[in-house]
Amino acid sequence: MTTAVRTRALAAMSGGVDSAVAAALMAESGCDVTGVTMKLWCYGTTPVSPRACCTLDAIDDARSVARRMNFPHFVVEAEEVFRTRVLQPFLDAYASGRTPYPCALCNQHLKFGDLVGRMELIGAELLVTGHYAQVARQPDDSWALLRAIDRHKDQTYALAGIPYGVLPRVRFPLGSLTKEEVRAQASRLALTVWDKPESQDLCFVPDGDYAGFATRKLGETRGTAHGAFVDLAGRTIGEHEGILHYTVGQRRGLGIAASERLYVIDIDAPGNTVTLGPRAALDCDGLVTGPMNWLLPAPPADGARVTARIRYGHAGADAVIHAREEGAVEVRFDVPQPAVAPGQSCVLYDGERCLGGAPIASSIRR
Amino acid sequence: MIYLDHNASTPVRPEVAEAMREALAGSGANPSSSHREGQHERARIEQARERVAALVHAHPDQVVFTSGGTEGDHLALMGAAWGLRERGKTVAISSIEHHAVHGAAAWLKDLGFTIAHLPVRPDGMTDPSIINDLPRDTSLVSLMLANNETGVLQPVAAVAARAHARGMRVHCDAVQCAGKMPIDTDALDVDYLVISAHKIGGPKGVGAVIVRTGAPLTPLLRGSGHERGLRGGTENLPGIVGFGRAAELALRDLASERTRLLALRERFENGLRAIAPDAVIHGTSAPRLPNTVNVSIPGARSDHMLMALDAEGVAVSAGAACASGGVEPSPVLAAMGVPRELAVCALRFSSGRTTTEREIDDALAAIGRAVPKARALAPA
């Protein structure tokens, strides 16, 4: 009997169908897979939702996939990293009037941070996740993060903050599959998770009530003081329930009767005011990011043309970028874009290639 | 694979498997049946009962077969506490007991009993004088013979003497000690002693409670008089036969295995100290099982070490696993006052009949490679 040296891979498994199929396909292709599920919570007190990943049931689901595919599975302790790197920034952002995007932080610090560190532990050469994205070597020998074949499932927006250096070691087996194909693979491999419901919203706030989660579950008190709704001219037009409850571009749940539809245009945390205005007032000419994470060997040239996405569901807008201080960029849209929400990620593309991203620091209106 | 998790479960001995195969190939009659086929099966069970009794120096009539240690602890604690409820409604358990005992105590609490927890000293041992401080209505005291995580032996005889002097009954979970150290139920003078087959080279799913003659015990499972009316249900014949054979072999090999394992432990601990001079081996100032080493290597978290060692082909245990399978600091180490940052680095290595000197050396080499990798990751 000859024992070929098999490539050892660490597979992140949330318990959902995507990461299960990703790990299973790697195992089927002959990789020596070790599955891991990150424990982000103390589960004793968390309500169980079938849509939430990383719950006790989800851990069991991941284990059953590992058993089925005959590879080992471990639960890794990541509560501390999750709390300090994802949850706290999430709270800080809401409390300061921004709209956080914790998935980017979770990918950056947990899946492509903490787990990358653990690869060395088991001598793994590859990190496998169930993200819909592609990694490919370019003619110039650089590594590129590319959008998934399934455009509706593409998750590069959530991956733009991961370190460029990990790209050569990352595998996304689902990047070339559609969701239907993934479910068919799960069914073919007889993985019991094949018909699990799609996870929605944030995994740790399955009901989508972020403000309620922050205040009731985490005891957040910042951003809960009532204050003034003001119009574009600064006149008080009502009372808001605390800036925590609002996000730029929001229309529903404002509780203000007006002749025209009102949207949240701006949130001023120090002044504790929320500015409302008509839809047209949401339009921004551009934005300034925080320090960019480039998924390139070197930042693009000043004045480069890009496609910028400013929220998960955003199709992207043609824009020009200019370097700003401390690694930030200024993004100027060709056509004004509505609802640029500070805190959300701005992710830049050149065609299919994801160039990198950063949280939006501020919008530009002029 | 180098298997150093024998405290979790140890391989079934080939002779045991053979005895079980024979039992399974038997007539298939019910041991309770009156015909001679039934009597023949009954004889197998009674032979096993004698062998199990001999392992712990008890009388065969005192042996009640159960489905394992957890059932044994539940039967002894709940059955005794219920039987003694007129005597008092406080049950004292040590804070380092196995989950099975904590589970039975939780049931008793739900039934209206008060549970008192006996502390342990930093060396991992229970102080027998604590018995004098227990409330007057304490009916039962539960103390394990050897702790499953640290291997520290408990002063059961001294606790039993004090408890009996105050009119309290004594339960002893001897699951982890059986087959590793001589056990004399008479000398220990306990009323209920629990053992399990799969820790001594027998099959999983069978165990026994040794019940002192005359000690009150209300059965949990009531059936048609099996096990002297103390545990209803048709006997697990192949399991009991395997248990009996394993007990017989464990008794035969006890002295030589103990010496051999002690030498391996010495070799292993010296090797650990060479790899990490700051390693803390828990419970070393108390008498311990010859096969158990619970060590914290500062900065090398258990979950990291567990994965790294698994990848190296070394199977160990990281203290007590919590419900999700993640690593939580062990309550046993916490009870001993081990600081959290050290407790989250605890690993339990437990050797057994199949462990060789070569395996110990190979495991040490793997640990030597794993420690710097684990230390390179985020601290606890």
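Modeller: In β11(A), A:Thr273 is the bridge partner of A:Asp268. This is a predicted model, where local features need pLDDT of at least 70, side-chain atom pairs count only at pLDDT 80 or more, and totals for chains, interfaces and linings use all residues. Residues are numbered from 1 along each chain as its sequence is written, while chains are lettered from A and ligands numbered from 1 in the order in which they are written.

Biologist: Why is the crossing of α1(A) and α6(A) called left-handed?

Modeller: A crossing is left-handed if the near helix is turned anticlockwise from the far one by less than a right angle, and right-handed if clockwise. Helices α1 (residues 17-28) and α6 (residues 179-188) of chain A pack at about 60°, with axes 10 Å apart. Axes are lines fitted to C-alpha atoms, for helices over the stretch in contact, and angles run from 0 to 180 degrees between N-to-C directions. The crossing of α1(A) and α6(A) is assigned as left-handed.

Biologist: Which residues in α1(A) meet α6(A)?

Modeller: Among them are A:Val21 and A:Leu25 in α1(A), while A:Val182 and A:Ala186 are included on the α6(A) side. Contact is counted when C-beta atoms, placed from the backbone, lie within 7 Å.

Biologist: What makes residues 44-51 of chain A a stretch to treat with care?

Modeller: pLDDT is the predictor's confidence in each residue, from 0 to 100. Over residues 44-51 of chain A it stays under 50. Where pLDDT is low, the predicted coordinates should not be read in detail. Chain A averages a pLDDT of 89, with 94% of the residues scoring at least 70.

Biologist: And how do you know where the domains of chain B lie?

Modeller: Domain bounds come from an automatic or database domain assignment. For chain B, that gives domain 1 (2-8 + 254-376) and domain 2 (58-232). Their C-alpha centres lie 27 Å apart, and 23 residues of domain 1 of chain B are in contact with 22 residues of domain 2 of chain B.

Conventions
Helices (H or I, at least four residues) and strands (E, at least two) are DSSP runs, numbered from the N terminus. Two residues are in contact if their C-beta atoms, placed from the backbone, lie within 7 Å. Two strands pair if DSSP finds at least two bridges between them.
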